[in-house]
Amino acid sequence: SFENITAHIYHKMAAYLCGAVWRAMAGTPFRGFRSQVFLAVMAPRPRFQFFSTEVETADMTEAVSSTTAFNTTSRYKEKPWDYLTSEEYRERYGEQPVWVGYRRNHKGEIPPQKTRKTCIRGDKICNNPCPICRDQKLGVDYRNVKLLEQFISPHLGNILDPTQTGVCMKQQKNLTKAVAQARDHGLLLFHIPFMEFQPTEDYSNTHAAVNKTPPAPALQNQTTWYPWYEWQQPPEKEVAKLRKLYKPYLKKEVAALS
């Protein structure tokens with residue numbers, strides 16, 4: 001073919017030029033076809049490759065598509081809350097939470113009592129990952145309030161159990177940490193139950209089996225609570241013994257008493 005003939009001519013020209021350059025650098029006047037072939041073989045030979053416009057266009061298209069996908073993922077990684085307002089999210093989940101309709105694959109008729117520890121181990125992903133691990137664009141972040149609200153009970157304000165949502169234990173721990181951090185930053189509300197309190201009502205006698213506690217006898221007689229709290233006069237022998245022991249320090253007092 002034309003391409004093979006052109007390549008053969010280029011190789012011949014490259015061999016002749018490399019031989020000439022090698023002789024000029026070595027400074028030896030080698031002549032003859034065999035010497036040139038030997039020097040051409042020993043010298044580095046340039047390689048010629050024919051390029052096709054169609055292949056280059058296809059490669060450029062693949063590179064652009066991969067770059068676009070990477071930029072999309074990185075954009076959602078930096079701002080995961082933008083993904084929940086995108087059309088892609090609406091087409092996939094609609095108005096339902098991300099965990100609705102999820103069912104874990106398991107052996108037997110009885111489902112497991114606990115979810116798996118993690119769905120991603122190194123570079124390997126399990127067969128049926130949890131609702132958060134299966135969609136890498138769902139970033140668990142304390143600023144992603146719309147995603148966190150899907151895992152909080154609207155009645156009790158508690159985080160839903162992983163057996164209900166199907167989230168793995170690793171993502172459940174991340175959700176618990178993100179919810180606590182969002183509440184500390186004021187992005188999520190604390191659920192405090194409402195209780196009516198009437199200070200005028202007496203709660204000490206609301207039940208028939210409960211009576212008012214009578215006051216202690218010490219409060220009635222204005223005495224001490226326990227008898228050993230009262231003042232007790234020490235015996236005279238003990239006082240005389242201590243006075244004799246500490247006589248050098250009680251001179252003034254002894255003189256005043258005497």
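User: Is Asp-135 buried or exposed?

Analyst: Asp-135 is buried, with a relative accessible area of 4%. Buried means under 20% relative accessible area, exposed means over 50%, and partly exposed lies in between (1.4 Å probe, protein chains only). This is a predicted model, in which local features need pLDDT of at least 70, side-chain atom pairs count only at pLDDT 80 or more, and totals for chains, interfaces and linings use all residues. Residues are numbered from 1 along each chain as its sequence is written, and side-chain values use heavy atoms, with hydrogens and water left out.

User: OK. Where does Asp-135 lie?

Analyst: Asp-135 lies in the loop between strand 2 (124-125) and helix 5 (145-149). Helices (H or I, at least four residues) and strands (E, at least two) are DSSP runs, numbered from the N terminus.

User: And what is Asp-135 in contact with, leaving aside neighbours within four places in sequence?

Analyst: Tyr-83, Arg-92 and Tyr-93 are in contact with Asp-135 on that count. Contact means heavy atoms within 4.5 Å. With Tyr-83 there is a polar contact, side chain to side chain, at 2.8 Å. A polar contact is a pair of N or O atoms within 3.5 Å; within protein, one must be able to donate a hydrogen and the other to accept it, and residues adjacent in sequence count only if both atoms are side-chain atoms.

User: Which side chain meets that of Asp-135 in a salt bridge?

Analyst: That of Arg-92, at 3.3 Å, N to O. The pair links distant parts of the chain, with Asp-135 in the loop between strand 2 and helix 5 and Arg-92 in helix 4, 43 residues apart. Arg-92 is partly exposed, at a relative accessible area of 46%. A salt bridge is a side-chain nitrogen of Lys or Arg within 4 Å of a carboxyl oxygen of Asp or Glu.

User: How many salt bridges does a search of the whole structure find?

Analyst: The search finds 3. One of them joins the side chains of Lys-137 and Glu-88 (2.8 Å, N to O). That pair also links distant parts of the chain: Lys-137 is in the loop between strand 2 and helix 5, Glu-88 is in helix 4 (residues 87-93), and they are 49 residues apart. Glu-88 is partly exposed, with a relative accessible area of 37%. Asp-141 and Arg-143 also meet in a salt bridge through their side chains, at 3.0 Å, N to O.

User: Different topic. Where is confidence lowest and where is it highest?

Analyst: Helix 2 (residues 33-42) is lowest, at a mean of 51, and helix 7 (residues 169-184) is highest, at 94. Over residues 44-57 the pLDDT is below 50, and this stretch has 10 contacts in the model beyond near neighbours in sequence. The mean pLDDT of the protein chain is 76, and 67% of its residues reach 70 or more. pLDDT is the predictor's confidence in each residue, from 0 to 100.

User: Last one: is Leu-219 buried or exposed?

Analyst: Leu-219 is exposed, with a relative accessible area of 55%. Its place is in helix 8 (residues 217-221).
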